[in-house]
Amino acid sequence: MRDGEIDEVLQRAAQVPHDVDPALLDRVAGSIGPSPGPVRPLPPAWVLAGGLVLICAAVALAGAARLGLYGIQKLSVLERALIFPALGVLFWLAAAAWVGEMVPGSRRRVAPGTLLWAGSLALAAMFAALFHDYRTEQFVSQGVACLTAGLLHAIPAGLASWLFLRRGFAVNALAAGLVAGTLAGLAGVTMLELHCANFEAPHVMLWHTAVIPVSAAAGALLAWATQFAGRLAPFRRRP
Amino acid sequence: MFPKGNFKKTRQERGYGGRREFGDPGSNWVSGFFPMCPDSDLEMLMARYQQGDFAAATALIHRLSPQLHRFFLVQSASRQDADDLLQETWLRIHQVRHTYRAGEPVLPWFYAIARHIRVDHYRKARRTSAREGRLEEMPEAAAVHPAQAGGTGDLEALLAPLPESQREVIQMLKVAGMSLEEVARATSSSVGSVKQKAHRAYERLRERLSGMGLSKERAGGLS
């Protein structure tokens, strides 16, 4: 059987008239009310994405300035020229992906999960290529300090970004949470690159990069918990 | 191989001016099903709805409800469920109407919200069933043939054996008349993924229809 014949069968099947109860349509129209009220549409996607990038960059810069810009002072020109543009590209991709998740019917250029693992791997690979000090002095203690500092900066970045995008509507809350966490994690990593002067390759590759997946996981978990609480609400209201 | 059905439609190719015959060069048989709903018209109505025009909102409800209702009916078990989902969808559309941006395709926006409502409804129903200790009944309920459960006709019966994800893709492509790109937008997936689902759906439909001896007869309807 050819595809054209299947098309034809589907066509015939779909041609069967399908009516909706007019009373139902009247009820739906009635629920909207006689004056729905004007609304202000969301700005274009590039404006929203640009705003998110600015917010996250500002949080990272402010955090690093408060803690001390030791990292960027110690980085060579080549390292600066590679690390910060790469972070900028990832910022833009994550911001655009989040905006896409918050606007129904948007084109999804990159899946949130793909962005997370590909972004983390790309950063880790770049750090491996740039840093060649393989000592692991105070690996865990310094690493945990950096991870904590990165995550502590991811929180305000995530919150401010969420406030900025709060008028959006996520049709897939989990994906939106994941990509929001990824963006916030990138703010944390940027702060660490500006601040942390420990250039041991294992430290940077593991503990700095780890901020992104940990933050993304926290974002997804928060979204799932919010969604779960929302679904439980009707049960709680029962007498 | 991807089915050769007419999926790659641009908005200009939709031919909303009137019904064309299937097989005409550049034709889109889907336009014959919804000749009243050109995208530009819907976009204009949506813009007026955002400006607070109740008449535009009512026009949108009357134009889009039949295909949204059918979307739910193809996916869910009963007409009652489809009615509830339709109401819930319009309420949500009303709440988030500001998220539609002029110039963007309007159908993916509606279908993305409708799909969200359906998934949410399914999860809530599953939780309710678990709470009431009737979890074991869910697969049976989901497997009820739509035509047996108050559905209206052949399309539901034809698509019933397909998995849910393939059913929704075929419904959007062939009934709502959306392009691959628009279906990808509505389902938050890639065009490649939509093509793959459509291809698999066609394979299943081919098996089923061949089994029913429709390839030679090409009889109308399945009943």
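Chain A of this predicted model has nine helices and zero strands. From the N terminus on, its elements run α-α-α-α-α-α-α-α-α.

The C-alpha trace of chain A spans about 75 × 55 × 35 Å along its principal axes. Its radius of gyration is 23 Å, whereas a compact globule of 239 residues would have a value near 18 Å. Of the 239 residues in chain A, 43% count as buried. Among contacts in chain A with a separation of 6 or more, 90% are made by residues 24 or more positions apart.

**Contact between the chains**

In the model, 48 residues of chain A are in contact with 68 residues of chain B. On the side of chain B that touches chain A, helix H4 (residues 106–131) of chain B gives the largest share, with 10 residues. This side of chain B consists of 29 nonpolar, 23 polar and 16 charged residues.

**Helix H3 of chain B**

Helix H3 of chain B covers residues 79–95, which is 17 residues. At 1.5 Å a residue the helix should span 24 Å, and this agrees with its end C-alpha atoms, which are 24 Å apart. The buried residues in H3(B) are B:Asp81, B:Ala82, B:Leu85, B:Leu86, B:Thr89, B:Trp90 and B:Ile93. Because these residues cover an arc of only 165° around the axis, they lie on the same side of H3(B). The exposed residues B:Gln80 and B:Gln95 are on the face of H3(B) turned away from its buried side.

**Residues with positive phi**

Most residues other than glycine have a negative phi. A:Gln138 is not a glycine, yet its phi is positive, at about 45°. B:Ser188, also a residue other than glycine, has a positive phi near 50°. The table gives the place and the C-beta surroundings of these two residues.

| Residue | Phi | Loop | C-beta atoms |
|---|---|---|---|
| A:Gln138 | about 45° | between helix H6 (112–130) and helix H7 (139–164) of chain A | 13 other C-beta atoms within 10 Å |

Note on methods: Residues numbered from 1 in each chain as written. Chains lettered and ligands numbered in written order. Predicted model: local features only at pLDDT ≥ 70, side-chain atom pairs only at ≥ 80, totals over all residues. Helix = DSSP H or I, 4+ residues; strand = E, 2+ residues; numbered from the N terminus. Buried ≥ 20, exposed ≤ 12 C-beta atoms within 10 Å, placed from the backbone. Rg over C-alpha atoms; globule rule 2.2 N^0.38 Å. Contact = placed C-beta atoms within 7 Å. Nonpolar A, V, L, I, M, F, W, Y, C, P; charged D, E, K, R; others polar. Expected span 1.5 Å × (residues − 1). Arc of directions from axis to C-beta.
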